[in-house]
Amino acid sequence: MGKSADIKRASRLIGKTGKIFQILFGMFTGIFLISIFVLSALRNTLSTMTAASQTDFDFSHMGYLTAKLADEGRMIDACIVFLIFGVLFSLMLTVIMHFISRIFNKIYNDYSPFLPEIVKDLKVVSVLFTLLILQGSIGFGIIAGFIFWGIIKLYEYGCELQNQVDETW
């Protein structure tokens, strides 16, 4: 087996694995959405619970807004806010995995990895992934943005070279 066959095999594996993770993150998104609807529907019933049973859970590691709502005694609202952020996070991961899977399926199915469609998909992945990283750290987000920008520029150059090779054949 040559390098081309190895790349095709790896691309197929990554494409299928990406699809599995896309489905998994999509299921998490659905579970979070259902939980939001259930909590919203049961808000009045759950709000009548005694304060002692509500204060055992620590919301401090779940973000500023969630912790603030919990400190004010608005536990249901804190849970709903946390779940909304969970929906956004898992939805973003679902979209990222969709595009990653699409990129590697294109590499598997086409004659070259240097295609304009792959560059477009890489741009989407890089923006979304950089946004995810920026949530945790501005410094790492900036570094990731520059790394993705460099990879995209390399891919654009690879597309130009591929066009030149295709024109000479």
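The protein chain contains seven helices and zero strands, where helices (H or I, at least four residues) and strands (E, at least two) are DSSP runs numbered from the N terminus. In sequence order, the pattern of the protein chain reads α-α-α-α-α-α-α. The model is predicted, so local features are reported at pLDDT of at least 70 and side-chain atom pairs at pLDDT 80 or more, while totals for chains, interfaces and linings use all residues. Residues are numbered from 1 along each chain as its sequence is written, and side-chain values use heavy atoms, with hydrogens and water left out.

Along the principal axes, the C-alpha atoms of the protein chain fill a box of roughly 75 × 30 × 25 Å.

Of the 169 residues in the protein chain, 31% are buried. Here buried means under 20% relative accessible area, exposed means over 50%, and partly exposed lies in between (1.4 Å probe, protein chains only). The protein chain exposes about 11200 Å², of which carbon and sulfur atoms supply 71%. Accessible areas come from the Shrake-Rupley method with a 1.4 Å probe, and for residues only the protein chains shown count as cover.

Among contacts in the protein chain with a separation of 6 or more, 66% join residues 24 or more positions apart; a contact means heavy atoms within 4.5 Å.

Aromatic rings were examined next. A pair of aromatic rings is described by the distance of the centres and the angle of the planes. Rings of Phe, Tyr and Trp (its six-membered ring) pair if their centres lie within 6.5 Å; planes under 30 degrees apart count as stacked, over 60 as edge-to-face and the rest as tilted. By this rule there are four aromatic pairs. In one of them, F114 and Y155 are tilted, at 5.0 Å centre to centre and with 45 degrees between the planes. This pair links distant parts of the chain, 41 residues apart, with F114 in the loop between α5 (75-109) and α6 (116-136) and Y155 in helix α7 (residues 138-168). F114 is partly exposed, at a relative accessible area of 30%, whereas Y155 is buried, at 18%. One aromatic cluster is formed by F21, F25 and F28.

Y155 also belongs to the surroundings of I107, a residue of helix α5. I107 is buried, with a relative accessible area of 8%. Apart from neighbours within four places in sequence, I107 is in contact with I7, K8, S11, P113, I118 and Y155. I107 and I7 are 100 residues apart along the chain, and their C-alpha atoms are separated by 8.3 Å. Helix α5 also holds D77, which counts as buried at 18% relative accessibility. D77 touches R43 and L69, when residues up to four places away in sequence are not counted.

In helix α1 (residues 3-41), G18 counts as buried at 2% relative accessibility. G18 is in contact with M97 and S101, leaving aside its neighbours within four places in sequence. From G18 to Q135 the C-alpha distance is 23 Å, for a sequence separation of 117 residues. D6 is likewise found in helix α1 and is partly exposed, with a relative accessible area of 33%. D6 and E156 are 150 residues apart in sequence, and 23 Å apart in space, C-alpha to C-alpha.

In helix α7, I147 counts as partly exposed at 49% relative accessibility. I147 and T130 lie 17 residues apart in sequence and 9.8 Å apart in space, C-alpha to C-alpha.
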